[in-house]
Amino acid sequence: MSALFIPPHAPPLTGEESLVEATWKFIRNPVEGFGPLAWSQPIVTAKTFGQTLHVISDPEGMNEVLVRQASKFTKTAIDARILGPATKEGLLSVHGDQWKRQRKSVAPMFRHRHMADLAPLITTVIEDFTARIDVRPKLNLADAMAELTFDVLAGALLGDPKGLDREKLKTATRAVVTGAGTLRPDDLLPFPRWVPRPMSPRGSAALKRLKRAADELLSERRSHPQDDLVGLLIGAKALSPRERRDNLIGFFIAGHETTALTLTWALFLLGRHRPTLERIRAEVRAVVGDGPVVYEHIAQLPFTNAVIDETMRLYPPAPMLNREPQESVEVLGRTLEPGDAVLLNNYVMHRAERLWDNPLAFDPDRFLRDPSLKKKGAPYMPFGAGPRICVGAAFATMEAVMVLATLARDYDVVVGENVFPRPLMTVTLRPEGGVPARLVRVGGVAATQMQGHCERCRIWSGTPPVTKARTKPIQSVKSVPSGSP
Ligand code: HEM
């Protein structure tokens, strides 16, 4: 048992803060707004802004809300406020029978047989991307990965439509995701659903542009049908024109930033932890050789898959989910009432001491040692769970593994010594300030710059990390104390 690589972590509250201080920290960065009780207990209940808030950081409790009693919950007004303006009638936002009907139409679009068809497109986008970075290796990984995953999604959803200005669509989508779609302090106040969310003129202009682009695209497509995801969306007879448009926008919003963040954090970790980069490189060289990574390789790259899993454990792109009970519901011994807010805290659950060994350490092997961590009931839910589990999970995983495998095989990731970004929750979990880095073709100058040991960042570049042999077994919930998070 020796060196563990501990990447950036959002520091929890100490429990010594005043209520004002604690609230301020939570508002500025929700993942930093939980104290010892929320970190150690499966459920805590508190009054915030006059509303009862239950914070659940436990697999049993999450399964109760997301799976077993899912029909008794809806998403909350916060989701409606942030997502509603862009995708009010899409799968991300709707409930009840409307959700059921839409899910039935949309889920088949993301089935495995379509995934295999989409993989060559990902290969092409990766090739275009690497051609660009060979010329311009200095980049901000967060921006670069957002561009790459947008291009993948645009290709998968739209094919190559005539007359569509992809750059315009990309700019509008990015502006919506990073502007109007970003959590603001006023979003945490318990406004009723009918209170409109004020938007900056830039935000509402971007949203208008995005809606116009989506409308134009769908109408162009009706006259020139193609066999891609939009083709399937248009063919979904059960959806109204407005639902089609809001789903298209929903896919763009939900589908590129999340995967981009997974890749950004993963590359950051590889840049900081050379042994992991080298293990992926060796695995990919052995399985793939020098050629493109294709769909069939994905299942043969267990370590690369484990690095993606471990990245999403430490940095879940959706760090918290929200629900609101529609009737009284018993969860972990508490009664959740209509009007209460329920926060399903993936960030804390994925790092809780009582559920994981060395929870703050970057240790992809834990997923290889204990495959049950990917099964139902495990304290690991980056894609949610139950009927509303992420519809694009297979697509996102395929893309993330293909991109990471290619980049780790062919590039050294050079991250500046002072780059140690704070995880910042803005709906998704972003590295504050992005990750300035250089991606340098293997054989370039990068390798020599990777040597050394940074005390502040606790980075090792020489030997692989050694960790305990097993993760803790999933614990059942015995005590359910009450208190303030
Ligand atoms: C690493 C990438 C991704 C992560 C971590 C992620 C995470 C999630 C999570 C946690 C949920 C559940 C939300 C809740 O229950 O409140 C969700 C739902 C959803 N995701 Fe993803 N997602 C990713 C990629 C994608 C992609 C690529 C698409 C589509 C192109 C997508 C489309 C959706 C949609 C439409 C829903 C709503 C499903 C429903 O309510 O039935 N996501 N995602």
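This is a predicted model: local features need pLDDT of at least 70, side-chain atom pairs count only at pLDDT 80 or more; totals for chains, interfaces and linings use all residues.
How far does a polar side-chain atom of R103 lie from an oxygen atom of the ligand? I would like to begin there, and the distance is 2.7 Å.

Let me first describe the chain as a whole. There are 485 residues, of which 57% count as buried, and the chain is built with 17 helices and 12 strands. If we take the contacts between residues at least 6 apart in sequence, 77% of them join residues that are at least 24 apart. The chain exposes about 20300 Å², and carbon and sulfur atoms supply 57% of that area.

Now to the ligand. A shell of 26 residues surrounds the ligand, and the closest of these are W99, R103, R323, R388 and C390. In the side chain of W99, an N or O atom is 2.8 Å from an oxygen atom of the ligand, while for R388 the distance from a polar side-chain atom to an oxygen atom of the ligand is 2.8 Å.

Which residue is the protein donor of the iron atom of the ligand? That is C390, the only protein donor, which places its SG atom at 2.3 Å from the iron. In the chain, C390 belongs to the loop that runs between α15, residues 365-369, and α16, residues 393-410.

If we ask which elements build the shell, four of them each supply at least two residues: α5 (96-106), α11 (241-272), β5 (320-325) and α16. Among the contributors, α11 gives the most, with 5 residues.

Let me stay with α16 for a moment. This helix has 18 residues, and at 1.5 Å a residue one expects a span of 26 Å, which agrees with the 26 Å between its end C-alpha atoms. How many of the 18 residues of α16 are buried? The count is 16, so α16 is mostly covered, given that buried means under 20% relative accessible area.

Like the previous helix, α7 is mostly covered, with 16 of its 18 residues buried. At the start of α7, a side-chain oxygen of N140 comes to within 3.1 Å of the backbone nitrogen of A142, and just after the helix G159 takes a positive phi of about 65 degrees.

Next, I would like to turn to T74, which sits in strand β3, residues 73-74. At a relative accessibility of 15%, T74 counts as buried, because the cut-off for buried is under 20%. What separates T74 from R323 in sequence and in space? Along the chain they are 249 residues apart, yet their C-alpha atoms are 5.6 Å apart, and R323 is one of the residues closest to the ligand. The side chain of T74 also makes a polar contact of 2.9 Å with the side chain of Q326.

Another buried residue is D58, whose relative accessible area is 1%. D58 is placed in the loop between β2 (51-56) and α3 (59-68), where a polar atom of its side chain lies 2.9 Å from the backbone nitrogen of G61.

L332, in the loop between β6 (329-331) and β7 (334-336), has a phi near 50 degrees, a positive value in a residue other than glycine, and L332 is buried, with a relative accessible area of 12%. N358, in the loop between α14 (346-351) and α15, is not a glycine either, and its phi is positive at about 40 degrees. Is N358 buried or exposed? At 18% relative accessibility, N358 counts as buried.

Finally, a contrasting case is L37 in helix α2, residues 36-40. With a relative accessible area of 28%, L37 is partly exposed, and its C-alpha atom is separated by 9.7 Å from that of L13, a residue 24 positions away along the chain.

How values were computed
Residues are numbered from 1 along each chain as its sequence is written. Side-chain values use heavy atoms; hydrogens and water are left out. Donors are N, O and S atoms within 2.8 Å of the metal (3.2 Å for Na, K and Ca); water is not among the atoms, so sites may look incomplete. Helices (H or I, at least four residues) and strands (E, at least two) are DSSP runs, numbered from the N terminus. Buried means under 20% relative accessible area, exposed over 50%, partly exposed in between (1.4 Å probe, protein chains only). Contact means heavy atoms within 4.5 Å. Accessible areas come from the Shrake-Rupley method with a 1.4 Å probe; for residues, only the protein chains shown count as cover. The expected span of a helix is 1.5 Å times one less than its number of residues. A residue is near a molecule or strand if one of its heavy atoms lies within 4 Å of it. A polar contact is a pair of N or O atoms within 3.5 Å; within protein, one must be able to donate a hydrogen and the other to accept it, and residues adjacent in sequence count only if both atoms are side-chain atoms.
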